[in-house]
Structures are given as C-alpha cells and as structure tokens.
Amino acid sequence: MLSRTQQLLIQQNFGSILNIESINKGYSNQCFKLLVLNSSNQQQSLFVKSLNNKDVAHIQHEQHARCIAEKAMLTPKCLLQNAQQKLLVIEYVQADKQACIQDIALLLAHTHLALTHSIDSQLVQSLQQNIIPQRLAADIQALAPADKLDKTLLELAQLLDNECTNQVFCHGDISRDNILKTRDKTYLVDWEYARMASAEYDLAASICINQLNVTEQKQLVDEYQKHSQSSINQALLLRYIQVFEYLNKLWFAKLA
C-alpha cells in the first residue's frame with residue numbers, strides 16, 4: 001500500500017485522492033491506479049508506482065532511462081518523480097484490452113525494439129553515462145546462490161559483456177505486460193532494466209521473457225531487421241538466449 005507520506009505528496013501535487021486501485025499483474029513493484037480531484041474540481045487518473053524495494057541509485061537510473069524514452073515519445077509522460085520518497089507518478093494510459101487479448105506482443109515488440117534502438121544518438125549520448133551498461137555476469141552473480149552457480153554460463157555472460165562494443169539503448173524487459181496499446185499509440189513502460197547493450201541483448205531478453213517458440217523467434221528477428229534495416233548476428237543472438245534463459249530461471253526461483 002502507498003505510505004502516508006507518499007499519499008500526502010500526491011495530494012500536494014495533484015489534489016484529493018478519491019480512490020486507490022491496486023495493479024499487480026506484470027509489475028515487480030507495487031503499482032496503483034489513483035483517481036484524484038484537482039483544484040479545478042476535475043477528476044484525473046494517475047498511474048503510481050511505489051519503489052520501496054529499490055535503492056535511490058536504482059530509482060535514478062530508471063528515471064534517466066525513462067527520460068530518454070519520453071523525449072522519443074515511446075513512453076507515457078512522467079508527472080512526478082521523487083527518489084527520496086520512492087514514488088513515481090505517470091499519466092494513466094487506458095490500454096486497448098481487446099488488442100491485448102489478441103496477443104499484440106509479437107507484432108509490437110519488434111517495431112518498438114527497433115524504435116528504441118534507433119533513438120537519436122545525440123539524445124542517448126547526452127544521458128548515456130547515466131544508463132547502466134550491459135552486465136550479464138553481474139546480474140547472474142546477484143541472483144545465483146554460490147552453490148548453484150552455473151560457471152559455464154557465467155563465463156559465457158562475461159565473454160558477452162567483454163565483447164559488447166556496438167551498444168544501443170535497450171529496454172531490457174519488453175514483455176507483453178510492458179506494452180500498452182491505445183487506439184492511436186503504442187507505448188513501452190517500466191524502464192528499470194534499461195541498458196546500453198547490443199541489439200541481440202534486447203531481442204534475446206524479449207524472446208525469453210515472452211517464451212517465444214522457434215517460429216515466433218524467426219518472425220520477431222525478421223520483422224526487427226525489416227524495421228531497423230540492420231542485420232542481426234544469429235550466432236550471437238543464440239548465445240544471448242542461453243544466458244537469458246538461465247537468468248529467467250534464477251529470477252523466478254528468487255520470487256518463489
């Protein structure tokens with residue numbers, strides 16, 4: 001639940017809180033839909049994310065990543081960010097539920113991967129120093145108990161980290177739940193796993209997170225290459241998939 005301090009901060013900036021609805025699906029942090037009544041006596045819906053399980057540095061990293069995406073109009077507008085109170089308020093986007101039921105992820109993720117990777121280089125370079133670089137080995141070590149660490153996959157992750165020189169701005173977590181489609185626009189949300197990494201990194205993450213089969217993987221890569229007009233190294237992609245499959249197992253084991 002939102003803390004009393006977080007609620008007071010929201011009221012100071014947006015008005016009286018009329019209703020708080022918990023949103024749990026697809027989010028590792030506590031998320032809520034809030035209905036507020038502003039000073040003009042108008043109702044407004046807000047998407048609120050409580051980051052109580054994150055440290056300040058992690059919150060600031062997500063803020064920088066989201067700033068890049070927001071300037072590129074790939075994500076909803078941030079209305080309030082407070083790292084000390086661990087609070088994020090974003091404009092509420094009403095997703096097209098029917099489109100989600102039809103499983104839009106495959107046909108949207110690839111185009112938005114391409115859009116994310118092709119964000120104007122000057123914009124990315126201005127904030128690049130604030131975005132975490134690819135660090136698969138560190139991610140594995142943070143999740144894997146020492147007695148269950150797969151040293152072969154850790155060595156592969158270290159190799160991929162060391163060889164990652166052609167970096168682009170990556171979302172890192174394009175799951176079905178992080179794609180919002182409205183009648184006129186498609187957004188990506190939840191930028192906490194953004195990285196400066198290779199395109200194959202982001203494709204592999206999306207493939208593993210969404211558990212795409214071989215046919216779907218090929219469709220994703222083919223469409224990505226068409227939209228990005230770039231070539232994906234298939235052998236490199238397979239190596240990234242190996243590491244992300246392991247990372248996903250570690251992640252779900254930690255949540256269990």
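How are α6 and α10 oriented relative to each other? Here are a few notes to read alongside the structure, which is a predicted model.

1. Start with the two helices in the question. Helix α6 covers residues 136-143 and helix α10 covers residues 234-255. Their axes come within 10 Å and cross at roughly 25 degrees. Angles under 35 degrees count as roughly parallel, and α6 and α10 are therefore roughly parallel to each other. The crossing of α6 past α10 is left-handed.

2. Now look at who touches whom. On the α6 side, the contact is made by Leu136, Asp139, Ile140 and Leu143. On the α10 side, Tyr240, Val243, Phe244, Tyr246, Leu247, Leu250, Trp251 and Lys254 take part. Sorted by class, this contact between α6 and α10 has 10 nonpolar residues, two charged ones and no polar ones.

3. Next, turn to helix α1, residues 4-14. Its buried residues include Gln6, Gln7, Leu9, Ile10 and Phe14. They lie on the same side of α1, because they cover an arc of only 160 degrees around the axis.

4. What do the buried residues of α1 pack against? They pack against the strands β1 (16-23), β2 (30-37), β3 (43-50), β4 (78-82) and β5 (87-91). The face of α1 turned away from this buried side carries Arg4 and Gln12, which are exposed.

5. Finally, check the end of that helix. Just after α1 comes Gly15, with a positive phi of about 115 degrees.

How values were computed:
Residues numbered from 1 in each chain as written. Predicted model: local features only at pLDDT ≥ 70, side-chain atom pairs only at ≥ 80, totals over all residues. Heavy atoms only, no water. Axes fitted to C-alpha atoms, helices over the stretch in contact; angles between N-to-C directions. Helix = DSSP H or I, 4+ residues; strand = E, 2+ residues; numbered from the N terminus. Parallel < 35°, antiparallel > 145°, perpendicular 65-115°, else oblique. Left-handed = near helix turned anticlockwise from the far one by under 90°. Contact = heavy atoms within 4.5 Å. Nonpolar A, V, L, I, M, F, W, Y, C, P; charged D, E, K, R; others polar. Buried < 20%, exposed > 50% of the residue type's maximum accessible area, 1.4 Å probe, protein only. Arc of directions from axis to C-beta.
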